[in-house]
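Me: Could you walk me through this structure, one question at a time?
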Amino acid sequence: MRKFAVQFVVIIHVLFATAIFACLPIALIYPRSHKEILFFIGAVLISQIPYRACVLTKIENALRGEEKYHGTFMSHYLEKVFHVHVSDKVINIFSAVYFVVAILIAIFYQLRQAF
């Protein structure tokens, strides 16, 4: 049962990460979705404040028990699935830049609409 729960959390995490990565293309293709993008990115960032990490990673590691991994979800699965080692620092910098760009595009669309 625990293995099923871990797999379920991993699937939810993959879908969640896909939604996060979709924010920037959606902001560029459908600029009127700026409010939804800002709300979603804000919710993602606020949810990480208590643990300084993704809540889904904490849940997955709690379910894994002794088999938990250290670092981020992205670095762990990039290495496990694609055999590509990317440090957590690089993942965090990429994520921060990605979020800032998506937020700026959404904000500048709103500013452009105001003028």
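Me: Which residues of H4 do Val10, His13, Val14 and Phe21 in H1 meet?
Reply: Happy to start there, with a predicted model whose local features need pLDDT of at least 70 and whose side-chain atom pairs count only at pLDDT 80 or more, while totals for chains, interfaces and linings use all residues. Residues are numbered from 1 along each chain as its sequence is written, and side-chain values use heavy atoms, leaving out hydrogens and water. Helices are DSSP runs (H or I, at least four residues), numbered from the N terminus. With contact taken as heavy atoms within 4.5 Å, the partners in H4 are Phe73, Met74 and Tyr77.

Me: How do the residues of the contact of H1 with H4 divide?
Reply: Ala, Val, Leu, Ile, Met, Phe, Trp, Tyr, Cys and Pro count as nonpolar, Asp, Glu, Lys and Arg as charged, and the others, Gly among them, as polar. By that scheme, the contact of H1 with H4 has six nonpolar, one polar and no charged.

Me: Are H1 and H4 roughly parallel or roughly perpendicular to each other?
Reply: Axes are lines fitted to C-alpha atoms, for helices over the stretch in contact, and angles run from 0 to 180 degrees between N-to-C directions. H1 and H4 pack at about 110°, their axes 12 Å apart. Angles under 35 degrees count as roughly parallel, over 145 as roughly antiparallel, 65 to 115 as roughly perpendicular and the rest as oblique. H1 and H4 are therefore roughly perpendicular.

Me: Which element gives the most to the lining of the second largest pocket?
Reply: A pocket is an open set of points on a 1 Å grid over the protein atoms alone, where a 1.4 Å probe fits, with protein on both sides within 12 Å along at least five of seven lines; lining residues have an atom within 4 Å of a point. Residues lining the second largest pocket include Val14, Phe21, Phe73, Met74 and Tyr77. H1 and H4 are the elements that give two or more residues to this lining. With six residues, the one that gives the most is H4.

Me: What is the angle at which H1 and H2 pack?
Reply: H1 covers residues 2-29 and H2 residues 34-47, with their axes 10 Å apart. Among the residues that meet are Phe16 and Ile20 in H1, and Ile37 and Phe40 in H2. The residues of this contact divide into 10 nonpolar, no polar and no charged. The packing angle is about 145°.

Me: Which helix supplies the largest share of the lining of the largest pocket?
Reply: The lining has 28 residues, and those closest to the pocket's centre are Gln48, Ala53, Cys54, Thr72 and Asn92. H1, H2, H3, H4 and H5 each supply at least two residues. The largest share, seven residues, comes from H5.
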